[in-house]
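Subject: Structure handover

Hi,

Here is the structure I promised to pass on. My notes follow below it.

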Amino acid sequence: MASPRGNCETLGYFGIITKLIMKIDVGHVAKLANISLSKGEQFKFEKQLSEILSYVEKLKEVNTKNVETTSQVTGLENVTREDETKPSLSQEEVLSNSKSTHNGLFKVKAILDQ
Amino acid sequence: MNLNQLTIKQAQEGLKNEKFSSVELTKACLEQIKKLNPQINAFITVCEDSVLHEAKKADDLASQGETLEAKPLLGIPIALKDLFSTKGIKTTAGSKVLENYIPPYDATVVKKLKDAGAVIIGKTNLDAWAHGSSGENSDFGPTKNPWNTEYVPGGSSSGSAAALTADMCLASTGTDTGGSVRLPASFCNVVGLKPTYGRVSRYGIIAMASSLDSIGHFTKTVEDSAILLNITAGHDDFDATTPGVDVQNYTKNLNNEVKGIKIGVPKEYVTKGLDKNVQTRFEQALKILERLGAIIEEVSLPHTEYGNAAYYIIQPSEASSNLARYDGIRYGNDRSYFGDEAKRRIMLGTYTLSAGYYDAYYKKAMQVRTLIKKDFNEAFKKIDAIVTPVSPTPPWKIGEKINDPLKMYLSDIFTVTANLAGIPGLSVPMGFVNELPVGMQILGPQFSEGLLFQIGYAFEQETNWYKMKSKL
């Protein structure tokens, strides 16, 4: 199925015409997510993600006026502990899986010049 | 019967009565792995040396008088889904990003199992980052269904279910975020438990979607499942989402009769593209429950059709946040090592959480989640438990859905609502369709695992599906 550039596409789907209302800007999202994509991948994911988004748009049918959000189901609130230090991992253990360390620290690329 | 074919209960008795040793039991499992794993690909890591060492220590402890009360799993070989951090043992999450990652600590559940005497036989294969329903998204090759190796074993805990049904271990662990224990259990003729959210600690288990992840396990029988939950359940200081609810003895009331228990069948589940053969098996299962004395009633869960859409917004959103830590700095390879499905879900989640789209997608999904939870709460006022088929179809062929992500997501249609509501679900074998296993799930209110075991046990003992073995 050809995928023309533009804000809307129509797909024949089981005899019902489905309009893809949202077309995801994969290049922008990939940048936000710090994921690099080839041009081919961008095209492939654009199509797949747009189909998925089209499916989840279904939620628009649900009347959620005055409905609270549920972000977690335990009902727990303000779970705290005493502010006391306790044994944890050693510095050596913490650094043990890193490819780049220096003087007992994680070494990263510079983000500030000079 | 070979030692590796035993249940935990049978092995406990055999070890206690010195019919065999843990070393012999473990060797039987290792031999089965050597024989079948090349074909099934259930394991990413087999801990051959360390497990025999642990088994020997278990035998020594037993001969020194260590009791079943103190260490119920003494000498029992258990496999762990490769999301469970194991100190000193490679833990990959099924992804090339972590192909060389060696955790410096054990997950709480791993510690609990070891403290109970279990010996860790290996780390099982899975869809990378638990992103999948078939096992085909593993960066280390798909796991095959031991009942027919051209078919999927279900996912994402594919290796754990396959290893158990092929008698490579006596139990295995898994995670269930949208069905990832119940689905592979149903496709592999084993018992799979998704506990109440927060019943079992998530500490040290590589996170997928933090408000949905449930830490479960696979066993050959319902009794074994109860034995394991006795060990893994409980509040953990390291996991702030574990309520301080008491852990009852889950094996105590297994034998209680099912007579008079009200079981609801949601009318929305029986129409949604349910395969005719699966429907037949399910109706037969209902007749058996009725014969056992349960009262079957139709109930309605009106928002069922929106569960999958809500799930596939909430889960990728939370996963995109959880996977942000994999930048190759403190551990692992950089983000170019992510597979396709991981990239898809990260991008989907990033989009639905981004400015301008958060309200339309994530907030809306969280509101629908409230409605889905309310549906269950209302239903549980009238009935004690709910049963449904686990999957709308029997296991599908490897490769059949892999090029259509949305088609793959639709396999979760019956399982995701339990995760959204945070309620427990027990998957038990309910027979075969074209010689492939299918399962039934029993759902209950939060912290009702005891009731689920009771119903499951009665059904299991009446049907004996668990006694069937694959031809391998």
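**Strand E2 of chain B**

E2(B) is mostly covered: 5 of its 5 residues are buried. Buried means that 20 or more other C-beta atoms lie within 10 Å of the residue's own; exposed means 12 or fewer, partly exposed lies in between, and C-beta atoms are placed from the backbone. Strands (E, at least two residues) and helices (H or I, at least four) are DSSP runs, numbered from the N terminus. Pro77(B), Ala79(B) and Lys81(B) point one way from the strand, Ile78(B) and Leu80(B) the other way, and all are buried. E2(B) pairs with E3(B) in the parallel sense, over 5 bridges. Pairing requires at least two DSSP bridges between the two strands. Opposite Pro77(B) stands Val119(B) of E3(B).

**Ground rules**

The model is predicted: local features need pLDDT of at least 70, side-chain atom pairs count only at pLDDT 80 or more, and totals for chains, interfaces and linings use all residues. Residues are numbered from 1 along each chain as its sequence is written, while chains are lettered from A and ligands numbered from 1 in the order in which they are written.

**The sheet in chain B**

E2(B) belongs to an open sheet of 11 strands, in the order E1-E3-E2-E4-E6-E5-E10-E11-E9-E7-E8, with mixed pairing. The edge strands are E1 (43–46) and E8 (295–299) of chain B; each pairs on one side only. From one strand to the next, the twist averages 30 degrees. Angles run from 0 to 180 degrees between N-to-C directions, and axes are lines fitted to C-alpha atoms, for helices over the stretch in contact.

E4 (171–176) and E6 (214–219) of chain B pair in the antiparallel sense, over 6 bridges. Thr175(B) stands opposite Ile215(B) in E6(B).

Two helices to look at here. H5 (158–165) of chain B packs on the sheet and touches E1, E2 (77–81), E3 (119–124), E4 and E6 of chain B. The direction of H5(B) makes about 155 degrees with that of E4(B). H7 (222–232) of chain B also packs on the sheet, touching E4, E5 (191–194), E6 and E10 (425–433) of chain B. The direction of H7(B) makes about 145 degrees with that of E6(B). Contact means that two C-beta atoms, placed from the backbone, lie within 7 Å.

**Ser158(B)**

Ser158(B) lies in H5(B). It counts as buried because it has 37 C-beta neighbours inside 10 Å. Not counting residues up to four places away in sequence, Ser158(B) touches Asn125(B), Leu126(B), Asp127(B), Gly135(B), Thr143(B), Pro153(B) and Pro184(B). Leu126(B) is 32 residues away along the chain, yet the two C-alpha atoms are separated by 5.3 Å.

**Chain A**

Chain A has 3 helices and 4 strands. From the N terminus on, they run β-β-α-α-α-β-β. Of its 114 residues, 13% are buried. Among contacts between residues at least 6 apart in sequence, 29% join residues at least 24 apart.

**The interface**

On chain B, 45 residues are in contact with 39 residues of chain A. H9 (307–322), H10 (340–353), H11 (359–382) and H12 (405–409) of chain B each supply at least two residues of that side. H11(B) gives the largest share, 10 residues. The chain B side divides into 26 nonpolar, 10 polar and 9 charged residues. Nonpolar covers Ala, Val, Leu, Ile, Met, Phe, Trp, Tyr, Cys and Pro; charged covers Asp, Glu, Lys and Arg; the others, Gly among them, are polar.

H2 (39–56) of chain A packs against H10(B) at about 55 degrees, with the axes 11 Å apart. That angle makes the pair oblique. Oblique is what remains after roughly parallel (under 35 degrees), roughly antiparallel (over 145) and roughly perpendicular (65 to 115). Phe45(A), Gln48(A), Leu49(A) and Ile52(A) meet Lys343(B), Arg344(B), Met347(B) and Leu348(B).

Ile52(A), Tyr55(A) and Val56(A) meet Ala309(B), Tyr312(B) and Ile313(B).

Best wishes
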